[in-house]
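Open the model in a viewer with the sequence beside it. The stops below say what to select and what is there.

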Amino acid sequence: MQVSMASARGVGVANEDTVHASPTGVVVLDGLSAPKDLPMGCIHGTPWFVRQLGTSLLNLIGDNNVTLREALRAAISEVNDLHRDTCALDQDAVPASTVAMIREREDVLDYLVLSDNVLVIDLGDGVRAIVDKRVEEVAGEEMRAALRGPTGTPEHAARVSALVTVQRRLRNRPGGYWVAATDSAAADEAITGTVALTQVRQAALLTDGASRLVDTFGTLGWEQLLELLSTEGPSALIARTREAELADPTGERWPRFKRSDDATAAYVCFGLQQHGEEDS
């Protein structure tokens, strides 16, 4: 497994994505943004949360006897222990994150996806995109309102805050959607699977800020995205995404919650020549 990766901040004051890699595993997290006008029960904030969770996950998946679901459950509990004495972890307003991770284990590749990160796997005879879109199935009225532009206005920010308020009440509940936050049972709701390593040629783990060229802008397909990653690297994917965002700064052509989102991409090559490793 050879990994190249890049991560870049969007319009926020801090990058709430994180990416971690080892010789046999990759973890990509996208922290859920918390509008400044809404309460937050954690004094540490989302960037701290995703860093702690990502570090714990990478350590745990190094043990092949631990399933990825078990690792996620344990990592959530470990992070809870780090701040339960200082933060109000029983509230809805706590840091949360999407998760995508893979692990080489003997002759197979394990994967886990929770919420709207995207895992793209090239199986040789076709490309498969794995994503958990349950968040798009709730709070429909508020979501449609939050997607109305122009982005960057106080009115738009208020509609996004209204959406997040409703989403917080639906997180990690039956009939809602599931993310990594304080409830370790969310791990049981993740999409998981295993494929033979002999089938896998390459893969990409993407936060939704890095998958936009395909699933929001529609300017690339998944096969083209993998080709861009393999030839030019993750930084080039993010740069091209920023170009598209700048061409539509108010979200008129491509409605979205933010003009530019934090973007993180990890490209993984299995036994093939690849572009050199990049980090940002």
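Select R103 and D110: R103 stands opposite D110, which lies in β5. Strands here are DSSP runs (E, at least two residues) and helices are DSSP runs (H or I, at least four residues), both numbered from the N terminus. This is a predicted model, in which local features need pLDDT of at least 70, side-chain atom pairs count only at pLDDT 80 or more, and totals for chains, interfaces and linings use all residues. Residues are numbered from 1 along each chain as its sequence is written, and side-chain values use heavy atoms, with hydrogens and water left out.

Now show β4 and strand β5 (residues 108–114) whole. The two pair in the antiparallel sense over 7 bridges; strands count as paired if DSSP finds at least two bridges between them. They form a hairpin with 2 residues between them, and E106 in the turn has a positive phi of about 55 degrees.

Next, select strand β4 (residues 97–105) alone. Of its 9 residues, 8 are buried, so the strand is largely enclosed by the rest of the structure. Buried means under 20% relative accessible area (1.4 Å probe, protein chains only).

V27 has M101 of β4 as its bridge partner. On to β2: this strand and β3 pair in the antiparallel sense over 5 bridges, and T18 stands opposite L29 in β3.

What is the order of the strands in the open sheet? It is β2-β3-β4-β5-β8, 5 strands with antiparallel pairing. The edge strands, β2 (17–21) and β8 (191–196), each pair on one side only.

Turn to the helices. α1 packs on the sheet and touches β2, β3 and β4, where touching, or contact, means heavy atoms within 4.5 Å. α2 lies across β4, β5 and β8 and runs at about 45 degrees to β5.

Finally, select L53, L57, L72, V99, M101, L112 and L114. Of the 26 residues in the largest nonpolar core, these touch the most other members. A nonpolar core is a set of buried Ala, Val, Leu, Ile, Met, Phe, Trp, Tyr and Cys residues joined through side-chain atoms within 4.5 Å. β3, α1 (46–60), α2 (68–83), β4 and β5 each supply at least two residues of this core, and α1 gives the most, with 7 residues.

Definitions and conventions
Buried means under 20% relative accessible area, exposed over 50%, partly exposed in between (1.4 Å probe, protein chains only). Axes are lines fitted to C-alpha atoms, for helices over the stretch in contact, and angles run from 0 to 180 degrees between N-to-C directions.
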